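Dear colleague,

I am handing over the structure below, and after it I set out what was found. Please read the notes with the structure open beside them.

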Amino acid sequence: MCELHDLWKQEHPGCQIYGQTVTTDHHNELISLGINPFLKETKTDQKFPYVIFCAPPSKTPDYAGDIRLAALSWNGEGSFVFTSSSAPYDCNDNGPCDEDTPTVPIGRSPRTDTLLKAEKVVLEFDGCVVRLAGLYKMDRGAHFYWLHKGTVDARPDHILNLIHYEDAASLSVTILKKKLRGRIFLGCDNHPLSRQEVMDLVDKSGKFDKKFQGFTGTSDPLGKKLNNSNTRKELGWEPKYPSFAHFLGVSE
């Protein structure tokens, strides 16, 4: 949310930004950023021209219902955008995957069911969906989690896809500003890496105190190689961090 707020404020100085949350845990932080916080259960008839929903499904028993409430707070002008995940793309053999790759059928996975049902609500309201790859910054993301675990029971050759938090924010803001309707976009850096390659880059960078011990898994599923060239071309968007290696200041 901070990255989104900063970008929007830069381009729309003087605008009012409201942040709806499930708890008051971060309200002081939001206020310090100039965001007007309010709780989900607070009843309001206020409607907004630009609405973005970027909460994870883990925090609520009714994800699609929460998104419906967010959609009802949109006045139909500007844009309504939902930040989803690239998980629904039906590919788990480390193969190529883009915006047109079919999605996992409903009923196969509770996780993808939740996301696809949420996306369906957004599209019913003529909002836009941006399916994001794995989010990261220096101290957040898969690399940081694995580094602190030390040893991970997962296969090292699984391909994953990344996008920096700042780039996810700039892509979302680009979609908001274009006032698009009923579309699905993909957010990734177009530099898929195996889990092992990610941690090799972490080690090579010398920017972390901890030392990763290794992956020990052999039978868990493989991943996918995301490519969002179509999204980039249509929106005229490019990431600030074209790869994880670039972000860390090392060559692959």
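Accessible areas here come from the Shrake-Rupley method with a 1.4 Å probe. On that basis the accessible surface of the protein chain comes to about 13,000 Å², and 51% of this surface belongs to carbon and sulfur atoms. Please keep in mind throughout that this is a predicted model.

As for the overall make-up, the chain has 9 helices and 14 strands, and buried residues account for 48% of its 252 residues. Among contacts between residues at least 6 apart in sequence, 77% join residues that are at least 24 apart.

Helix H7, which spans residues 195–205, has Arg195, Val198, Met199, Leu201, Val202 and Ser205 as its buried residues. These cover an arc of only 155 degrees around the axis, which puts them on the same side of H7. Just after H7, glycine 206 takes a positive phi of about 70 degrees.

Turning to the aromatic residues, the count comes to 10 aromatic pairs. One of them is formed by tyrosine 241 and phenylalanine 247, an edge-to-face pair at 5.3 Å centre to centre with 85 degrees between the planes. Tyrosine 241 is buried, with a relative accessible area of 15%, and phenylalanine 247 also counts as buried, at 14% relative accessibility. Both belong to one aromatic cluster, formed by Tyr136, Tyr241, Phe244 and Phe247.

Two charged side chains also lie over rings: arginine 131 is over the face of tyrosine 89, at 4.8 Å from the ring centre, while lysine 137 is over the face of tyrosine 165, at 5.0 Å from the ring centre.

Cysteine 97 is buried, with a relative accessible area of 3%, and cysteine 188 counts as buried at 1% relative accessibility.

Note on methods: Residues are numbered from 1 along each chain as its sequence is written. This is a predicted model: local features need pLDDT of at least 70, side-chain atom pairs count only at pLDDT 80 or more; totals for chains, interfaces and linings use all residues. Side-chain values use heavy atoms; hydrogens and water are left out. Buried means under 20% relative accessible area, exposed over 50%, partly exposed in between (1.4 Å probe, protein chains only). Helices (H or I, at least four residues) and strands (E, at least two) are DSSP runs, numbered from the N terminus. The arc is that of the directions from the helix axis to the C-beta atoms. Rings of Phe, Tyr and Trp (its six-membered ring) pair if their centres lie within 6.5 Å; planes under 30 degrees apart count as stacked, over 60 as edge-to-face and the rest as tilted. A charge sits over a ring if NZ of Lys or CZ of Arg is within 6 Å of the ring centre and within 35 degrees of the ring normal. Contact means heavy atoms within 4.5 Å.
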